[in-house]
Amino acid sequence: MRYNKRLKFITQDSQTGEYAYHDTVYPVNVTSMGIKSQTAVFGSVKQGRVSVRFQNKISQRKDYFVIDGQNYQIEQNSTTDRGTTIYGVEYHGRL
């Protein structure tokens, strides 16, 4: 598996509502989700849903991330003994 994309997390401050980009850049593997896999994991289908695999465990469970200039909102997080997978959907709002 190739970890050829780069990801940065974006979090929202709960008090001020301001968004902040994290400095850490993670190498990730990004896969677009098809209809069958979306239905199996979520029970519904949305356009622009992706699964993002990390080499190591990551503890981010909410907020947003950016890959290649495209913003995504985190929908679900799955962690195993080997790594983490985050499921996200395209986000077109302002960050």
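Is Arg-49 buried or exposed? In this predicted model, Arg-49 is buried, with a relative accessible area of 3%. The close-ups below start with its salt bridge and move on to other views.

**View 1. Arg-49 pairs with Glu-75 in a salt bridge.** The closest N and O atoms of the two residues are 2.8 Å apart. Glu-75 sits in strand β6 and Arg-49 in strand β4 (residues 49-54), so this pair ties together parts that are 26 residues apart in sequence. While Arg-49 is buried, Glu-75 is partly exposed, at 30% relative accessible area.

**View 2. Lys-5 and Asp-68 join their side chains in a salt bridge.** Here the N to O distance is 3.0 Å. Lys-5 belongs to strand β1 (residues 5-12) and Asp-68 to the loop between β5 (64-67) and β6 (70-79), so the bridge ties together parts that are 63 residues apart in sequence. Lys-5 is partly exposed, with 31% relative accessibility, and Asp-68 is exposed, at 60%. A search of the whole structure finds two salt bridges.

**View 3. Twelve residues make up the largest nonpolar core.** Among them are Leu-7, Phe-9, Val-50, Val-52, Phe-54, Ile-67 and Ile-74. Strands β1, β4, β5 and β6 each supply at least two residues of this core. The largest share, three residues, comes from β4.

**View 4. Phe-54, a member of that core, and its contacts.** Setting aside neighbours within four places in sequence, Phe-54 is in contact with Tyr-3, Leu-7, Phe-9, Tyr-26, Val-28, Gly-83, Thr-84 and Ile-86.

Note on methods:
Residues are numbered from 1 along each chain as its sequence is written. This is a predicted model: local features need pLDDT of at least 70, side-chain atom pairs count only at pLDDT 80 or more; totals for chains, interfaces and linings use all residues. Side-chain values use heavy atoms; hydrogens and water are left out. A salt bridge is a side-chain nitrogen of Lys or Arg within 4 Å of a carboxyl oxygen of Asp or Glu. Helices (H or I, at least four residues) and strands (E, at least two) are DSSP runs, numbered from the N terminus. Buried means under 20% relative accessible area, exposed over 50%, partly exposed in between (1.4 Å probe, protein chains only). A nonpolar core is a set of buried Ala, Val, Leu, Ile, Met, Phe, Trp, Tyr and Cys residues joined through side-chain atoms within 4.5 Å. Contact means heavy atoms within 4.5 Å.
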